[in-house]
Amino acid sequence: SASAAASAAASVAAAAAVDAAPAPPEPVLAQEVEAKVKELKAAAVGKRNAEEEAFGDSEGESDGCGGRFDVDLDVLPVDGILPGCLVRMEGLQARPELNGLVGRAIKFNEEKERWQVRLEERGDMLLKDENLVPLSPDEYEEMQNDVEQEELKVEEEAKAIHTRATGEKMRWFDDASVGPIEKGPGDEGNEFDVLMVDETDGMVAAEKIVDVLKEQGVCLCEANAPHELLGAAFDEAEALWEAGFFGPPMKVCDEDGQTEAQVWKDVLYQDEHKVLWINPEGQDPRFSGKMKALTSLSENMLEFCRGLGEPLERKTGIFFTHLWNAMLSCYTGDKVYSCHLDNPHSCGSAGSQLPDNGLRLTLVYYLNVHWNPTSDYNGGGMDVFLTDPGSAPASATAARRSKRVRVAPHADALAIFLSERMAHQVIPTKGKDKWFCLTMWCFEQEAMADFLPKIFEMRQKQLESQYGAGQEESDSDLD
C-alpha cells in the first residue's frame, strides 16, 4: 500500500546520500596520560619506539575523517601542555557551555597559536592555551568519580520516573510539570490512528494520515511489515551496534565541518550520540550483507514519505522537496532525554528564534520485537506533546504542560509528526536492553541551504554585540 501511495507524489526528489560516521574515540584513561607524558620525554632523546607501548590498546584513534592520528614526538611542551594529554576547558566566553569539559590535546597550531583539542562526540576545535588546564592522572580520576556520581543520580531519576507510572491509560504522568497522557499503549500494544493492513488503496491511506496530522500534528500508524522482516532488522541492528559500527551523526573533517556538526547537534541530535545511516544506493562496503532487512525497511519508508507529499501540501500548506536517508538509533542505559522540536525556528521570542532549518515532517519507525505490552515499560519510545498543530508552541514549558500521545517502542509502530510544530521526547530508558528505531526527515532544500549561513550571521551579530564590532574574530577564545 505504501508503494501505491508513492504515485501520488512521484515528483518529490530522492534523498541525498548521508555517510555513516566513524565511531567516536574511546575515553582516555589516566594511566594512558601518564604513559604518554613519559613517552614524550623519552622522545626528546630519540626514543620513538615508545609510541606503540603508550597507545598499544587504542588500535588507532580516529581523526574525525576515519584515519589514525599520530602525535608528533618532536613537539615540545607548550605552557605545560603536551600532545596527547588531557586538558580541561575553562574561561571560554564565546562557547561557555564547553567550560569544564575534558578533551585531548592533539597538537599546537603555531600559525593560529592555538591547540587542536579533541572532544569525544564533538570533534576537534582550536583553543587558546590560556583556556586549557592540563590534568594529572589523579585529577582525571577524581573527575571520573564525579561523572559516576552524576550517572547514579540520572539512574535514580529514571527509576523514579518509571515507578511513578500508574499503568492506567489516560492518567499517566512522568512528573508534576508534564501534562497527562491522552492516548497511550494498552494491554495489546499501541493505540493506532491508521492500520495499513486495513488500507487497500495507498492514496486513500495517505489522505487519512494527512487528515490526522492536520487535526493533531501527529499520526501513529501500524505499518504492516512482516514479522520476520522486523525480527531480522532488529537482529541486524543489534549486531551492528555490538560490532561498534555506530558513530556520531555527522563526520568532522575540518573546522567548518566541526561547526556545522555542533549546530545540528544542538538543534536536532541532542540525544543521538551514536547512530548509523542507512543508504540504500551507496552502502559502505563494511556493511555488505549486514543490513538487508534494515535497507528494505528504509526503502519502504522512502516510498511512504513520497506518497505523503502531495496531500500534505494540499491540505496543510506544508511541503517538502527532499528526504534524508533513514538514521538508525539505539536508546539504552539509564538515561533521560531532552524535550525538543526538530525545527524550532518559530518557537520562542522573536529575538531568540533560530533560522528555519528546512525540516518539515519527521517519521520514527520502531524495530523492537521484544517489547512486552504487559510490562508497563515504554523506555526508548516517545512522547509527542499535543499543542496546537497549526503553529509552534510558545515555549518548551508550554509544550511540556500539554497532553501527550505516548508511543511504545514496539516493532512496526510508525510515528509521523510535524517537525516545526510538535515537541517530543524520548521516554527515559533503564538497564541494558536496547531499543532501536529508524528516523527519517522530509525537508525543503532551499530553506535548509540557507540555515547554516543564517546561523553564522546570527553568531557574528551576537559576538559584535558582546565584544564590539571592532574586535577581530581572531581575538575570540574559540575558533
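**View 1. Salt bridges across the model.** The whole structure holds 17 salt bridges. A salt bridge here is a side-chain nitrogen of Lys or Arg within 4 Å of a carboxyl oxygen of Asp or Glu. Side chains of opposite charge can pair when their charged atoms come close. The model is predicted: local features need pLDDT of at least 70, side-chain atom pairs count only at pLDDT 80 or more, and totals for chains, interfaces and linings use all residues. Residues are numbered from 1 along each chain as its sequence is written, and side-chain values use heavy atoms, with hydrogens and water left out.

**View 2. The salt bridge of glutamate 199 and lysine 208.** The closest N and O atoms of glutamate 199 and lysine 208 are 3.0 Å apart. Is glutamate 199 buried or exposed? Glutamate 199 is buried, because its relative accessible area is 13%. Lysine 208 is partly exposed, at 38%. Buried means under 20% relative accessible area, exposed means over 50%, and partly exposed lies in between (1.4 Å probe, protein chains only).

**View 3. Lysine 315 and its partners in helix H5.** Lysine 315 forms a salt bridge with glutamate 207, at 2.8 Å from N to O. This pair links distant parts of the chain: glutamate 207 sits in helix H5 (residues 202-216) and lysine 315 in helix H8 (residues 292-316), 108 residues apart. Helices (H or I, at least four residues) and strands (E, at least two) are DSSP runs, numbered from the N terminus. Lysine 315 is partly exposed, at 23% relative accessibility. Glutamate 207 is partly exposed too, at 22%.

Lysine 315 also meets aspartate 211 in a salt bridge, at 2.7 Å from N to O. Aspartate 211 lies in helix H5 and lysine 315 in helix H8, so this pair ties together parts 104 residues apart in sequence. Aspartate 211 is partly exposed, with a relative accessible area of 37%. Which residues do salt bridges with shared partners join into one network? They are Glu207, Asp211, Glu310, Arg314 and Lys315.

**View 4. A negative surface patch.** Asp138, Glu139, Glu141 and Glu142 form this patch. Patch residues have over 30% relative accessible area and no salt bridge; like charges are joined within 9 Å, and nonpolar side chains (Val, Leu, Ile, Met, Phe, Trp, Tyr) within 5 Å. Aspartate 138 belongs to helix H4 (residues 137-164). Aspartate 138 counts as exposed because its relative accessibility is 59%.

View 5. Strand S1 (residues 86-89) runs antiparallel to strand S2 (residues 102-109), and three bridges join them. Two strands pair if DSSP finds at least two bridges between them. Arginine 88 has valine 102 in S2 as its bridge partner. S2 also pairs with strand S3 (residues 114-119), antiparallel, over five bridges. Four residues lie between the strands of the S2 and S3 hairpin, where glutamate 113 takes a positive phi near 55°.

**View 6. The five-stranded open sheet.** The strand order is S6-S15-S14-S17-S12, with mixed pairing. Strand S6 (181-183) and strand S12 (339-340) stand at the edges. Each has a single partner strand, so one side of each is left without a neighbour in the sheet. Strand S14 (residues 382-385) and strand S15 (residues 404-407) pair in the antiparallel sense, over four bridges. Which residue in S15 is the bridge partner of valine 384? The partner is valine 405.

Terms used. Accessible areas come from the Shrake-Rupley method with a 1.4 Å probe; for residues, only the protein chains shown count as cover. Lys and Arg count as positive and Asp and Glu as negative; His and the chain ends are not counted. The place of a charge is taken as NZ of Lys, CZ of Arg, CG of Asp or CD of Glu.
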